[in-house]
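Here are my notes on the structure you asked me to look over. Keep it open beside you while you read.

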There are 2 protein chains.
Amino acid sequence: MIAWLKRLVVGRPLRTDRLGETLLPKRLALPIFASDPLSSVAYATQEILLVLALGGLAYLYLTPWVALAVTVLLAVVTLSYRQVVRAYPSGGGSYEVASRNLGRRAGLVVAAALLVDYVMTVAVSVAAGVDNIISAVPALNPYRVALNILFVAVLTAMNLRGVRESGRAFAVPTYLFIAGVLAMVLAGLAEAALGRAPVAESAGWSVAAQHAGLTGLAVLLLALRAFASGCTALTGVEAISNGVPAFRAPKSENAARTLAAMGILAITMFAGLTAVALIARVHVAENPCDLSGFPGDCAAGAQRTVIAQVAAAVFGGPHSVGFYFVQATTALILILAANTAFNGFPLLGAILAEERFLPRQLHTRGDRLAYSNGILLLALIAGALIWAFEGSVTRLIQLYILGVFTSFTLSQAGMVRHWNRLLRAERDRLARRRLHRARAVNGAGALCTAAVLVVVLATKFTHGAYLVVIAMPLLYLMMSAIRRHYDRVSAELEPEPHGEVLPARVHAVVLVSRLHRPALRALAFARAGRPDTLTAVTVATSPDEARALQVRWVERGVPVPLAVLDSPYRDITGPILQYVRELRDGAPRDAVAVYIPEYVVGRWWEHLLHNQSALRLKARLLFQPQVMVISVPWQLHSRPEPAGAAATMGV
Amino acid sequence: MIAWLKRLVVGRPLRTDRLGETLLPKRLALPIFASDPLSSVAYATQEILLVLALGGLAYLYLTPWVALAVTVLLAVVTLSYRQVVRAYPSGGGSYEVASRNLGRRAGLVVAAALLVDYVMTVAVSVAAGVDNIISAVPALNPYRVALNILFVAVLTAMNLRGVRESGRAFAVPTYLFIAGVLAMVLAGLAEAALGRAPVAESAGWSVAAQHAGLTGLAVLLLALRAFASGCTALTGVEAISNGVPAFRAPKSENAARTLAAMGILAITMFAGLTAVALIARVHVAENPCDLSGFPGDCAAGAQRTVIAQVAAAVFGGPHSVGFYFVQATTALILILAANTAFNGFPLLGAILAEERFLPRQLHTRGDRLAYSNGILLLALIAGALIWAFEGSVTRLIQLYILGVFTSFTLSQAGMVRHWNRLLRAERDRLARRRLHRARAVNGAGALCTAAVLVVVLATKFTHGAYLVVIAMPLLYLMMSAIRRHYDRVSAELEPEPHGEVLPARVHAVVLVSRLHRPALRALAFARAGRPDTLTAVTVATSPDEARALQVRWVERGVPVPLAVLDSPYRDITGPILQYVRELRDGAPRDAVAVYIPEYVVGRWWEHLLHNQSALRLKARLLFQPQVMVISVPWQLHSRPEPAGAAATMGV
């Protein structure tokens, strides 16, 4: 039943030799890797407006300056990453750059940051996608969290199926989204130029300021906080640096060009959308009830997203074809952006597992050759986050970009070191000048992103980012501990030159509770092993039963001696462990083989009907030195072997 | 940590030979067995008044008649059970009577009824006890459910500790309760006789009738429903019949006398309390908001119980010493009544488990010689019920007496058969007359209780009793299925006269994933077993790793051939099962010994770090015929053996 359900969701298993890369031309690589960075255009402007509105509508005059700072940063980071893809074409991205240049610890910090970030990409993108769906169909508002979980589930199922051939499927919505947003921006600007500037539905609403009458420093802080929120526009820029191996040759050059195209598109779309939103006087607030003029029940209703309001204003209302087109492509590209994290997280997990920083299971490929465990882990954590934050983009976004900028900063710093190393070896003047220029770009990138990191930390810490500040070091410590454990085990298991010694003698012990066929079979199997000594052992938890067993044993003439162990406290494990220990007393090279007759039942509830104490006994026996534990199964006829069946023990 | 907590709650284990009965004199037996039936006095009157008030205060005139019917029934049932304890002194009670005389099925029905009933005794008694505590300290009302759960937990802990010597502890509160209630009744009647009749706090409150203007049949139905609720006074009457072996000799006679004393006390107290409640004009309603005159917030507040109102009226207000005395002893005896179910349920469970109608675990004695699993099961179910019904006595009581009267009816019917059988053998006229009389008593008991059963079923079905009507047959079916399973297994496991055949040859297979010490040790152990063939087997889930293993195998010169199994779908279990099957092809008498090297880790989280696929493999291997599965543990040095440690497998 469960197996059938799994086949339905996941599909039939694929052979290992089906594993292979298809290389991507630039026109497909752009949409695949750019859905994440471009999609953030859909919420970056909104987050700036939301923060500034906290001070009241008057502070919206800061918007162009904040947006300008974001676009400059976007340009710097894009330029920096163009150098990363040229220098590290293997696809390791920020993790590789930091590990190679700054050492294992910095690499682990980046890994922790990236893992957190992938989770947040899923949570924020899906939440923003649902937000835009609700903007188009407000009646869905009560099902916000359920819709979020549904999309996460669908993405999980798709990725468990290993939908690798999704390239083309990605390309269409991404291009449609780009076309839609650019058309909207151009139309909006054109209308404004013609004197019929678009007017948002919220243009007439006023906002109740949360922090009224700000002065000097407070205004700066508000602007910084708005900037920190706007920096979400930068998320996903590094995606291409992880995907260089998927490009056609010349890989690095093609990747760098795609990166440039992506940067230009992102800047244009973000700046354009912000401009039209300002022209149309879109007003938003964290809480709809702070908007005077908001129609209907502000506690139950939801505001339209900024992109939805702009689309409605430009294309003639929230029922126009243009509006629906923009909303549909926006929702779609946001969901696709979440999908990029479903590619990235399991891959990074598998790399970390291979380097033994994470459990090995993350490195095993599932039935469809995807890293299924990583996919499931990502879905679970992202789903839990969405559920905990009730699918609110504004609240989730507070946790988002801390990880992004941690990895930006460390990887750019790593690049500076990389160029320094090359500079030490390079003597040619022209080459040195090129290296100096490259170092300057990455140095500027590192400085900018570090500054942003500080701003983000300072302005968002109390709004939820502290969770990330806790989570990242925990992840780091966990990964270090796991690596230490694996290293220790690996050293311990290394074979010694002389090999393992053969046991001097083998003592066989057959555990018997009643004189039934499973016990007799275990005795027969034990005799077939030709041990040096062979004893049947029973624990007298009930003296009457033990006596009855002894009588039957003699009556039947079983050709093996039966030892009866006293157990005044009705404990089975203790006396047997004691007996096994005594067998080896003074003979440390002897081994003890403990035979346990087990019933194998067909139905899960039948387990409950047979004594489970042997399970514990078995676990404890495995802690004894020089012991082997032998299960001799007896298949009860109650049912043939089902898929999920298991064994229970009949001591 | 968990072990330490267990010791703290349960105490240190007791030796089996500490098991022994202490025989009870009548003066201790009465309070021990009578706490349950006498305690129901505390709520029986109240339930009658509550039901009648549904029709309006006018219908309270029916109370004396309903109470009279209940006392008559109480007398009949007491007389019937006096005959049971004489005829069946072994303490099997209703279950034994029904099984012996009406057959196994009737016995199982009684067992199901009694199990349900014990659960309800705990739920109702604890809830009623808490009700009376809240009557004395109304401020505790918001913590009603928590208090209920707390008392269930305390009772559970006490019984897990095996507090057998509680006889004396039981005697004092029961006698104090009897004294308190009798004194209250006498004082109330005396005050009334002297013309200063007590007046309850609710005497002036009017009740909003739920069913106003009842006529003919409807009035009869109301009376019947009140009677059905009043029959809760009969619960626990059978307790003495389960405890005969605990009496001093002459056991039956002493039990019968104690039963008579208990019956007289119960009738006196119930009738007296009802009379004084009527005199004092106690008015109650299911919902306090139906009472006009109820002080304070009727949604948040709670009415005082009838016994509390009577005590307050008789002894001079809800702050008098007499009031607190009655409330304290009432609460205490109700909790003690719940405790009798904690004795009865696990004992019945153990008897049923011994007769293989319930899982064996219910027959194992815990550290303190109590049937711990039964105690825990009872506590869980009763706790869940209390939680689901929010600790409301009135709602819980709807589920209560269906089981009681089912077992009453069947045991009395069984007794009639019992006397019929004796009559067939008896020729002496005098003896025959005695038997005829005895049969008449039990016949009358059977008819009365059957009639009440019908009334209860009819009047309470829709008020919650349907749950019991569902639960009892389910329990019956479950117990039959369990017995069938055990019987089938037992027949299957019966040794055959010629014994089990020795395997013709033994093929040893050692599962290897890497060339490390655990694998080498498993090889050494396998060689010590001197099998007819010995092969190391690895599954090539990753072709590269398999090749590396082969190279190391040759380099090291391991003296055992290594078989590499292809696994295009990266599945470990399938290829190994296939290999094992092929080994025995054409040689069904051969056996296969599969050696699995296992890591034993010390910390729970370390499990996650080692591949768990071998667990599944092991479970599947146990379904193969003629296979034994041998765990060869390798204890990692990471930590010494902790209490809860377990093994993980390293294939």
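1. Start with how copies are compared: they are superposed by least squares on the C-alpha atoms of residues with pLDDT of at least 70 in both, pLDDT being the predictor's confidence in each residue, from 0 to 100. Done that way, chain A can be laid on chain B with an RMSD of 0.2 Å, using a turn of 180° and a shift of 0.1 Å along the axis. The two copies are therefore related as by a two-fold rotation axis. In chain A, the C-alpha nearest that axis belongs to A:Ile630, 2.1 Å from it.

2. A word on ground rules. This is a predicted model, where local features need pLDDT of at least 70, side-chain atom pairs count only at pLDDT 80 or more, and totals for chains, interfaces and linings use all residues. Residues are numbered from 1 along each chain as its sequence is written, while chains are lettered from A and ligands numbered from 1 in the order in which they are written.

3. How far does the predictor trust its model? The mean pLDDT of chain A is 87, and 94% of its residues reach 70 or more. Watch residues 639-651 of chain A, though, where the pLDDT is below 50. For the complex, the predictor gives an ipTM of 0.80 and a pTM of 0.79.

4. Now the interface. Counting a contact when two C-beta atoms, placed from the backbone, lie within 7 Å, 63 residues of chain A are in contact with 63 residues of chain B. On the chain A side, the elements giving two or more residues are α17 (465-493), α18 (517-528), β6 (591-600) and β7 (627-635); helices (H or I, at least four residues) and strands (E, at least two) are DSSP runs, numbered from the N terminus. That side divides into 37 nonpolar, 10 polar and 16 charged residues. Here Ala, Val, Leu, Ile, Met, Phe, Trp, Tyr, Cys and Pro count as nonpolar, Asp, Glu, Lys and Arg as charged, and the others, Gly among them, as polar.

5. Which strands join up across the two chains? β7(A) and β7 (residues 627-635) of chain B run antiparallel, with 3 bridges; two strands pair if DSSP finds at least two bridges between them. Look for A:Ser631, which stands opposite B:Val629 in β7(B).

6. Next, A:Asp117, which sits in helix α6 (residues 104-136) of chain A. Is this residue buried or exposed? A:Asp117 is buried, because 30 other C-beta atoms lie within 10 Å. The cut-offs are 20 or more such atoms for buried, 12 or fewer for exposed, and partly exposed in between, with C-beta atoms placed from the backbone. Not counting residues up to four places away in sequence, A:Asp117 touches A:Gly403, A:Val404 and A:Ser407.

7. Most residues other than glycine have a negative phi, and most peptide bonds are trans. A cis peptide bond joins A:Ala249 and A:Pro250, with omega about -5°, and the bond from B:Ala249 to B:Pro250 is cis too, omega being near -5°. Phi of A:Arg281 is positive, near 55°, and that of A:Arg570 is positive as well, near 60°. A:Arg570 lies in the loop between β5 (562-566) and α20 (573-583) of chain A and counts as partly exposed, with 19 C-beta neighbours inside 10 Å.
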